[in-house]
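Colleague: Can you walk me through this model, one feature at a time?

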Amino acid sequence: MESLPLEDSALDAIISTNTIYFVPDLAAALRELVRVLRPGGRLVLGVGDPDQMSKLPFTRHGFRLRPIDELVPVIREAGFDQIEDRRVGDGRRAFHLLVCELPG
């Protein structure tokens, strides 16, 4: 995610689900996504609830679980001006869809 083989502003939208757990330098990856998105483009990041995921045995093996309140500032710093946390499901286990939009 840190070096995509795409031109600047090549994409209207990006959807990435359950991938940021494996990205060591999230800020660099998000800057790269900003580079390949057109102005006004959208990014949707699907993220399992970190508190719930930390209870799953497989997340001890290479997962970087980042709290949502820590993700949002990194996303904003990369250049997204609108970030909406849409929950999918009920209760504490609800999945997060972070819908992020670049300025137009």
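Colleague: What share of the contacts in the protein with a separation of 6 or more comes from residues 24 or more positions apart?

Modeller: First, the ground rules. This is a predicted model, where local features need pLDDT of at least 70 and side-chain atom pairs count only at pLDDT 80 or more, while totals for chains, interfaces and linings use all residues. Residues are numbered from 1 along each chain as its sequence is written, and side-chain values use heavy atoms, with hydrogens and water left out. A contact means heavy atoms within 4.5 Å. Here, 67% of the contacts with a separation of 6 or more join residues 24 or more positions apart.

Colleague: What pattern does the protein follow along the sequence?

Modeller: Helices (H or I, at least four residues) and strands (E, at least two) are DSSP runs, numbered from the N terminus. This protein has 3 helices and 4 strands, in the order β-α-β-α-α-β-β.

Colleague: Which strands does S2 pair with, and how do they run?

Modeller: Two strands pair if DSSP finds at least two bridges between them. S2 (residues 37-47) runs parallel to S1 (residues 11-17), with 6 bridges; Ser16, for one, has Leu45 as its bridge partner. From S1 the chain passes through helix H1 (residues 26-36) into S2, a right-handed β-α-β crossover. Right-handed here means that, with the strands pointing away from the viewer, the path from the first strand over the helix to the second runs clockwise. S2 also has 6 bridges to S4 (residues 95-101), this time antiparallel, and Arg42 is partnered there by Glu101.

Colleague: Why is H1 described as largely enclosed?

Modeller: Buried means under 20% relative accessible area, exposed over 50%, partly exposed in between (1.4 Å probe, protein chains only). H1 is largely enclosed by the rest of the structure because 8 of its 11 residues are buried. Among them are Leu26, Leu30, Glu32 and Val36. The cover over the buried residues of H1 includes S1, S2 and helix H3 (68-78). Across the protein, buried residues make up 37% of the 104 residues.

Colleague: And His61, buried or exposed?

Modeller: His61 is exposed, at a relative accessible area of 61%. You'll find His61 in the loop between H2 (50-53) and H3.

Colleague: What does UniProt list for residues 1-45?

Modeller: UniProt positions use the numbering here, feature names are shortened, and annotations may be inferred rather than shown by experiment. The unreviewed entry lists "domain: Methyltransferase type" for residues 1-45. That span is 24% helix and 36% strand.
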